[in-house]
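The report below describes a predicted protein model, residue by residue and then by core and pocket. Please consult the sequence and the structure while reading.

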Amino acid sequence: VKGGAATTLFGADAANGVIQIFTKKGTAGQNRVNFETQLGAITGTRDYLKYEETGDILFRRGFTQSYSVGIDGGREDVTYSVSGNVSSDNGFRLANNQKRYNFRAGFSAKVNDWLKYSSSGSFVSTEFSRDYNANNSFSSFGNLEGGAYGDLSELDEQGFNDLKEEVRNYVALTDITETVKRFQNSLGFEFNVNDKVSGRMNLGIDSRVSKQQD
């Protein structure tokens, strides 16, 4: 998954693209149920800020949470796997929130001695909001770091508090949202008629719908 699609699905760390590998279709044997939760805090680094005050105005301690549940199992000739995940975070920047819903399923069956069938599918829904970038006159980060308000380090306490309130009001009025819904499904057929004749056929669909509103 390349470019914008990768960052939309997996965040800024995926800017160079990601490789998705879907292998789990269950394991023969006892049915297994698993549940996992992750909770954490998010903070933004200030190592590369021109003004420390930029972080004081725009940054916050964010909260992230993720909940996953899945079940898999099967017999020697039939295996399956079903899982779901809900996650959200409000980011370390004001006006940057994200929610993600993920559902996956896999199935594999040996139909007879010469035919094996497998399928996998996933549905991902992502909703997120964001601030204006530096190309817009309402860019809070670009204006603060670019000097639109002068040298922030020279502001007195009252001047800083007034600027903080002004910029945060801009951010609160910003309403840029995007939703991405993606459905993927693949079907596989493996033929082994005899020692000399075998074949494989794969069919798939990848549907992605994106909507941005400003």
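Val 18 counts as partly exposed, at 22% relative accessibility; buried means under 20% relative accessible area, exposed over 50%, and partly exposed in between, with a 1.4 Å probe and protein chains only. Val 18 lies in the loop between α1 and β1 (29-42). Helices (H or I, at least four residues) and strands (E, at least two) are DSSP runs, numbered from the N terminus.

This is a predicted model, in which local features need pLDDT of at least 70 and side-chain atom pairs count only at pLDDT 80 or more, while totals for chains, interfaces and linings use all residues. Residues are numbered from 1 along each chain as its sequence is written, and side-chain values use heavy atoms, with hydrogens and water left out.

The predictor's confidence in each residue, from 0 to 100, is called pLDDT. Its mean for the protein is 88, and 92% of the residues reach 70 or more. Among the elements, helix α1 (residues 3-10) has the lowest mean pLDDT, 66, whereas helix α2 (residues 52-58) has the highest, 96. Where pLDDT is low, the predicted coordinates should not be read in detail.

Several residue pairs are separated along the chain, and their C-alpha distances are tabulated here.

| Residue pair | Separation in sequence | C-alpha to C-alpha distance |
|---|---|---|
| Val 18 and Ala 6 | 12 residues | 6.3 Å |
| Arg 208 and Gln 184 | 24 residues | 8.6 Å |
| Asn 194 and Trp 114 | 80 residues | 7.7 Å |
| Leu 152 and Tyr 51 | 101 residues | 6.5 Å |

Arg 208 belongs to strand β7 (residues 198-213) and is partly exposed, with a relative accessible area of 36%. Asn 194 is placed in the loop between β6 (176-192) and β7; its relative accessible area of 43% makes Asn 194 partly exposed as well.

Is Leu 152 buried or exposed? At 1% relative accessibility, Leu 152 counts as buried. This residue is found in the loop between α3 (140-146) and α4. Leaving aside neighbours within four places in sequence, Leu 152 is in contact (heavy atoms within 4.5 Å) with Tyr 51, Glu 53, Thr 54, Leu 144 and Leu 163.

Leu 152 is also one of the residues with the most contacts inside the largest nonpolar core, along with Ile 57, Leu 58, Leu 144, Leu 163, Val 167 and Val 171; this core has 13 residues. The elements that give two or more residues to this core are α2 and α4 (157-173), and the largest share, 4 residues, comes from α4. A nonpolar core is a set of buried Ala, Val, Leu, Ile, Met, Phe, Trp, Tyr and Cys residues joined through side-chain atoms within 4.5 Å.

Ala 95 has a positive phi of about 70° although it is not a glycine. Ala 95 is found in the loop between β3 (78-89) and β4 (98-110) and, at 18% relative accessibility, counts as buried.

The second largest pocket has a volume of about 200 Å³. On a 1 Å grid over the protein atoms alone, a pocket is an open set of points where a 1.4 Å probe fits, with protein on both sides within 12 Å along at least five of seven lines; lining residues have an atom within 4 Å of a point. The volume is the space filled by probe spheres set on the points. Among the lining residues are Arg 93, Asn 96, Arg 130, Asp 131 and Tyr 132. The lining divides into 3 nonpolar, 4 polar and 3 charged residues; Ala, Val, Leu, Ile, Met, Phe, Trp, Tyr, Cys and Pro count as nonpolar, Asp, Glu, Lys and Arg as charged, and the others, Gly among them, as polar.
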